[in-house]
Amino acid sequence: MNMYNIDIQVKTHFIATHSDEAANEYAFAYTITITNHSDVTVQLLKRAWKITDADHKITRVAGDGVVGEQPHIAPGESYSYTSGTVLATPIGTMEGFYSMVSNAGDHFDVEIPSFRLAIPNIIH
């Protein structure tokens, strides 16, 4: 557990309408809820993702904030957002971390545990 007790929850969803199996394009949405269980306000500054498809092809994505925001999350509060990615395979994983800062100026990273992206009912 990180020192600031930031909890990360992930829900994933396959988006068939944005996928093209013939072109090996599988679209997934993910909704992440970040909950601040600490007693200080924190701000999410950056994100870094490692996206791995079933062929072990790794894509790394990093940048400022999430969905164009750098949210402040007060003690006991949660922040949720939905984003997406496209894989070349019908199954894959994502993991990474958020770079955050406390209102006291302490910079720290919060791990985003690996989560699975998969089309429903796939046998693998």
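Visitor: Is Tyr79 buried or exposed?
Guide: Tyr79 counts as buried, because its relative accessibility is 13%. Buried means under 20% relative accessible area, exposed over 50%, and partly exposed in between (1.4 Å probe, protein chains only). Tyr81 is buried as well, with a relative accessible area of 5%.

Visitor: What kind of model is this?
Guide: The model is predicted: local features need pLDDT of at least 70 and side-chain atom pairs pLDDT 80 or more, while totals for chains, interfaces and linings use all residues. Residues are numbered from 1 along each chain as its sequence is written, and side-chain values use heavy atoms, without hydrogens and water.

Visitor: In which sense do β1 and β2 pair?
Guide: β1 and β2 are antiparallel too, with 9 bridges between them. Ile6 faces Asn36 of β2 in this pairing. As for cover, 9 of the 11 residues of β2 are buried.

Visitor: Which residues have the most contacts inside the largest nonpolar core?
Guide: They are Ile6, Ile34, Trp49, Tyr81, Tyr98 and Met100, in a core of 28 residues. At least two residues of this core come from each of β1 (6–14), β2 (26–36), β3 (42–53), β6 (78–87), β7 (91–102) and β8 (107–118). A nonpolar core joins buried Ala, Val, Leu, Ile, Met, Phe, Trp, Tyr and Cys residues through side-chain atoms within 4.5 Å.

Visitor: How many aromatic pairs does the structure hold?
Guide: There are 7 aromatic pairs in the structure. One of them is Tyr30 with Phe115: the ring centres are 5.9 Å apart and the planes stand at 55 degrees, so this pair is tilted. Rings of Phe, Tyr and Trp (its six-membered ring) pair if their centres lie within 6.5 Å; planes under 30 degrees apart are stacked, over 60 edge-to-face, the rest tilted.

Visitor: Where in the chain do Tyr30 and Phe115 lie?
Guide: Tyr30 is in strand β2 and Phe115 in strand β8, so the pair links distant parts of the chain, 85 residues apart. Both Tyr30 and Phe115 are buried. Tyr79 and Tyr81 also make a tilted pair, because their planes are at 35 degrees, with centres 6.2 Å apart.

Visitor: What is the phi of Asn5?
Guide: Most residues other than glycine have a negative phi. Asn5 has a positive phi of about 55 degrees, although it is not a glycine. Asn5 sits in the segment before β1 and is partly exposed, at 27% relative accessibility. Asn24 has a positive phi near 55 degrees. Asn24 belongs to the loop between β1 and β2, and its relative accessibility of 44% makes Asn24 partly exposed.

Visitor: Which side chains meet in a salt bridge?
Guide: A salt bridge puts a side-chain nitrogen of Lys or Arg within 4 Å of a carboxyl oxygen of Asp or Glu. The whole structure has 1, formed by Lys46 and Asp64 at 2.8 Å, N to O. Lys46 is in strand β3 and Asp64 in strand β4 (residues 58–64), 18 residues apart. Lys46 is partly exposed, at 42% relative accessible area, whereas Asp64 is exposed, at 51%.

Methods
Helix = DSSP H or I, 4+ residues; strand = E, 2+ residues; numbered from the N terminus. Pairing = 2+ DSSP bridges.
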